[in-house]
Amino acid sequence: MEKRTAILGLLLLIAGSSCRAQGNITVYITKSGAKYHLSQCSSLRNSRLAIPLADAVKSGYEPCALCKPPVLSGGAAGGSGNSPAGAAAISGGLYRVNAAGISRSGEADLSRLLQAEAVDSVDGDTIRVRITGPPAGIKAVETIRLIGVDTPETVHPRREVEAFGKEASDFTKARLLGKTVYLAFDWDLRDRYGRLLAYVYTPDQGCHNAQLIRQGYGHAYTRFSFHFLEEFRALEREARAGRRGLWALQEAEKAAPL
Ligand SMILES: [Zn+2]
C-alpha cells in the first residue's frame, strides 16, 4: 500500500506541472454521496468528512461536477479512469449464494459477506449503502435492489396499497438504516439500471429480503429467476394464508363490492 501511494505521488509530481503535489490534497465526501468535493462546495451543507484525495479516488468516489475538485491523473479526467472491472473479475471476491452450496437464505455465512453501512433507504426494496474499501468493480456508494422481493409502489392509484408502500419503506428504514449490513449476491450482479442486486442481511434479523415477504410487506418477485425462488414463494404463500400486512388489505378489497 505504502509503495503504491509513493509511486502514485511520484507520478503526480511528474505529471502535475501546473499543480502542487496532489497526493497530499484533502478533499471532502458526504455521508451518503458518491462524489468528492472541495471544502467550499455547497453539496457539503449537511455532512462533510475530510479524506486524502488519493483515498477518495481509490475508494471509488468521483469528482463533483459543481466544485470540480482535482483528479489524480490528467489523462483520466472525466471519471473514465475508474470504470468498474468486468463481472468476471469481481466474482472471486464476492459471496454468491448460487455457488455457495446452500439452499435457503438463512444458511448464508455472514462472515463471508460484503460488509456495508445502510446510509439511505429509497423504498422498501431499495437502499443505498456505503462500502469501505470496496472490492474491484464495486463502488464506495451503491444503490442496492433487493433480490426476489417487490414492495408496493409508493405511487399507486389505490390509496390503501399506496399507504402500504409507505409502511414497507418504513419497515426497511427501521430495520436497516444506519446499521451495518452484509451483502450476498446471486447470478446477476447488477440490473439494467446499474443497481447492485443483493440479499441484505443483519446479524439479528437475518435476510431482510425474506423478512419483507414473510411479514407481508412485499411479494416474491419471480420475473427473473434467483437462487431462493422456491423459498420466497413459500414465504409468500404463508403470508397470504396468514393475511399478514399487504395480504390483509387485499382480502378486504376483495370482500368490498366495487
Ligand atoms: Zn462539490
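Q: Is proline 135 buried, exposed or partly exposed?
A: Proline 135 is partly exposed, because 13 other C-beta atoms lie within 10 Å. For this label, a residue with 20 or more other C-beta atoms within 10 Å of its own is buried, one with 12 or fewer is exposed, and one in between is partly exposed, with C-beta atoms placed from the backbone.

Q: What kind of model is this?
A: This is a predicted model, in which local features need pLDDT of at least 70, side-chain atom pairs count only at pLDDT 80 or more, and totals for chains, interfaces and linings use all residues. Residues are numbered from 1 along each chain as its sequence is written.

Q: What is the mean pLDDT of the chain?
A: The mean is 81, and 76% of the residues reach 70 or more. pLDDT is the predictor's confidence in each residue, from 0 to 100.

Q: Where is confidence lowest, and where is it highest?
A: Helix H3 is lowest, at a mean of 33, and helix H5 is highest, at 98. Over residues 74-90 the pLDDT is below 50, and this stretch has 20 contacts in the model beyond near neighbours in sequence. A contact here means that the C-beta atoms of two residues, placed from the backbone, lie within 7 Å. Where pLDDT is low, the predicted coordinates should not be read in detail.

Q: How many helices and strands are there?
A: The chain has seven helices and twelve strands. They are DSSP runs, numbered from the N terminus: helices are H or I with at least four residues, and strands are E with at least two.

Q: Back to proline 135. Where is it found?
A: Proline 135 is in the loop between S6 and S7. Its C-alpha is 9.1 Å from that of serine 59, although the two are 76 residues apart in sequence.

Q: How do S6 and S7 run?
A: They run antiparallel and are joined by five bridges. Two strands count as paired if DSSP finds at least two bridges between them. Valine 129, for one, has glutamate 142 in S7 as its bridge partner.

Q: Which way does S7 run with S10?
A: S7 and S10 run parallel, joined by three bridges. Leucine 146 stands opposite alanine 198 in S10.

Q: How many residues of S7 are buried?
A: Five of its six residues are buried, so S7 is mostly covered.

Q: How many residues does the largest nonpolar core have?
A: That core has 39 residues, and those with the most contacts inside it include Val181, Leu183, Ala198 and Tyr201. Strand S10 (196-202) and helix H4 (159-176) are among the elements that give two or more residues to this core. S10 gives the most, with five residues. A nonpolar core is a set of buried Ala, Val, Leu, Ile, Met, Phe, Trp, Tyr and Cys residues joined through C-beta atoms within 7 Å.

Q: Which residues does tyrosine 199 contact?
A: Leaving aside neighbours within four places in sequence, tyrosine 199 is in contact with Val97, Ser105, Ala108, Ile147, Ala184, Cys207 and Asn209. There is also a second, separate core of twelve residues, which includes Val57, Tyr61, Cys64 and Val141.

Q: What order do the strands take in the open sheet of four?
A: The order is S3-S1-S2-S4, with mixed pairing. Strand S3 (49-52) and strand S4 (62-63) stand at the edges with a single partner strand each, so one side of each has no neighbour in the sheet. S1 (residues 26-29) and S2 (residues 35-37) pair in the antiparallel sense over two bridges. Isoleucine 29 stands opposite tyrosine 36 in S2.

Q: New topic. What is phi of lysine 68?
A: It is near 45°, a positive value in a residue other than glycine. Most residues other than glycine have a negative phi. Lysine 68 lies in the loop between S4 and helix H3 (87-90), and counts as exposed because it has 11 C-beta neighbours inside 10 Å.

Q: And phi of arginine 243? What is that near?
A: Near 50°, again positive in a residue other than glycine. Arginine 243 is in the loop between H6 and helix H7 (246-255). With 14 C-beta neighbours inside 10 Å, arginine 243 counts as partly exposed.
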